[in-house]
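Student: I would like to learn how to read a protein structure feature by feature. Could we go slowly, taking the general idea before each case?

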Amino acid sequence: NNLAISQMYGFGQSTTNPNLLITGWQDNGTNLYDGNWGQTMGGDGMLAFISHSNNNNMWGSQYNGSLNKSTNGGNSWQSATNGISEAGAWVTPWIEDPLTANTIWAGFINVWKSTNGGTSWTKKSAFTNQGTLNAIAVSKADNNVIWAAKSAGLYVTSNGGTNWTTISSLPPGTISAIECSNTDPNKAWVTFSGFTNANKVFQTNDQGATWINLSSSI
């Protein structure tokens, strides 16, 4: 009783209010917690987050890249896909830039950037493989360093998306998540999904040129 239980795809927490969360729930909408639970947007709730500079600015999504934004703390929502001409994955990856508030990065077939919270978008890559991206990350140490992954491979840029390098030094497989070091722009970790033993977690200290397998017995 009194527990809000559902399959959660992701959540974002306010940087100033530990009791303010926005969450995406399978078949049960996008929901806010501010001491009490309440639905703020319907449908399949996917990845959602709150701006690190303003709790009124929130973003929530549904499947296949239906991106939405709110500027009034979730009281109302509007579409945030103007200019994006590609389909997204079932759970489309998107995040607020860790250093520049209201700049949003999203992964469709390519990486897209918005500098106005999702009102308009610019394509920042030209990947030839047509598969959709399933993970993106932006370095807090240098937000010109951006990582993106799809089933066909892993990509990194060190100049904000002007040029991308395809990473070929990892074993084959589907990357499920990417995390960047907060202090070193060359350091990052990736995780693999699937069923291959000891092929789960890898770390790079040189922006993807080489990798250390941290999987151990996983």
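Tutor: Let us begin with burial: a residue is called buried when its relative accessible area is under 20%, exposed when it is over 50%, and partly exposed in between, with a 1.4 Å probe and protein chains only. Strands (E, at least two residues) and helices (H or I, at least four residues) are DSSP runs, numbered from the N terminus. Please keep in mind that this is a predicted model, in which local features need pLDDT of at least 70 and side-chain atom pairs count only at pLDDT 80 or more, while totals for chains, interfaces and linings use all residues. Residues are numbered from 1 along each chain as its sequence is written, and side-chain values use heavy atoms, with hydrogens and water left out.

Student: Which residues of strand 14 are buried on one side, and which on the other?

Tutor: The general idea is that in a regular strand the side chains alternate between the two faces of the sheet. In strand 14, I146, A148 and K150 are buried on one side, and W147 and A149 are buried on the other, which leaves both faces covered.

Student: Which strands are joined to strand 14 by bridges?

Tutor: Two strands are said to pair if DSSP finds at least two bridges between them. Strand 13 is joined to strand 14 by five bridges, and these two run antiparallel; within that pairing, I136 has A148 as its bridge partner. Strand 14 is also joined to strand 15 by five bridges, again in an antiparallel arrangement, and here K150 has G153 as its bridge partner. Strands 14 and 15 form a hairpin, with two residues between them.

Student: What is the order of the strands in the open sheet of four?

Tutor: The order is 5-6-7-8, and the pairing is antiparallel. Strand 5 (48–50) and strand 8 (78–79) each have a single partner strand and stand at the edges, so one side of each has no neighbour in the sheet. Three bridges join strand 5 to strand 6 (residues 58–62), which run antiparallel, and A48 stands opposite G60 in strand 6.

Student: How should I read a nonpolar core, and how many residues does the largest one have?

Tutor: A nonpolar core is a set of buried Ala, Val, Leu, Ile, Met, Phe, Trp, Tyr and Cys residues joined through side-chain atoms within 4.5 Å. The largest one here has 17 residues, and those with the most contacts inside it are W147, L154, L170, I175, I178, V190 and W211. Strand 13 (133–138), strand 14 (146–150), strand 15 (153–157), strand 17 (175–180) and strand 18 are the elements that give two or more residues to this core. Apart from it lies another core, of eleven residues, including F49, A80, I84 and A106.

Student: What does L154 touch, beyond residues up to four places away in sequence?

Tutor: Contact means heavy atoms within 4.5 Å. By that rule, and with those sequence neighbours not counted, L154 touches W147, A148, A149, T165, T166, I167, L170, I175, I178, V190 and W211.

Student: How many aromatic pairs are there?

Tutor: Rings of Phe, Tyr and Trp (its six-membered ring) pair if their centres lie within 6.5 Å, and planes under 30 degrees apart count as stacked, over 60 as edge-to-face and the rest as tilted. The count by this rule is nine aromatic pairs. The rings of F49 and W94 have centres 5.0 Å apart and planes at 75°, so this pair is edge-to-face. It links distant parts of the chain, with F49 in strand 5 and W94 in strand 9 (residues 94–96), 45 residues apart, and both F49 and W94 are buried. For F192 and F202 the ring centres are 5.6 Å apart and the planes are at 75°, so that pair is edge-to-face. Ring pairs also link W25, Y33 and W37 into a cluster.

Student: Is Q203 buried or exposed, and which side chains does it meet in polar contacts?

Tutor: A polar contact is a pair of N or O atoms within 3.5 Å; within protein, one must be able to donate a hydrogen and the other to accept it, and residues adjacent in sequence count only if both atoms are side-chain atoms. Q203 lies in strand 19 (residues 201–204) and counts as buried, at 13% relative accessibility. The side chain of Q203 makes a polar contact of 2.9 Å with the side chain of W189, and another of 2.9 Å with the side chain of N205.
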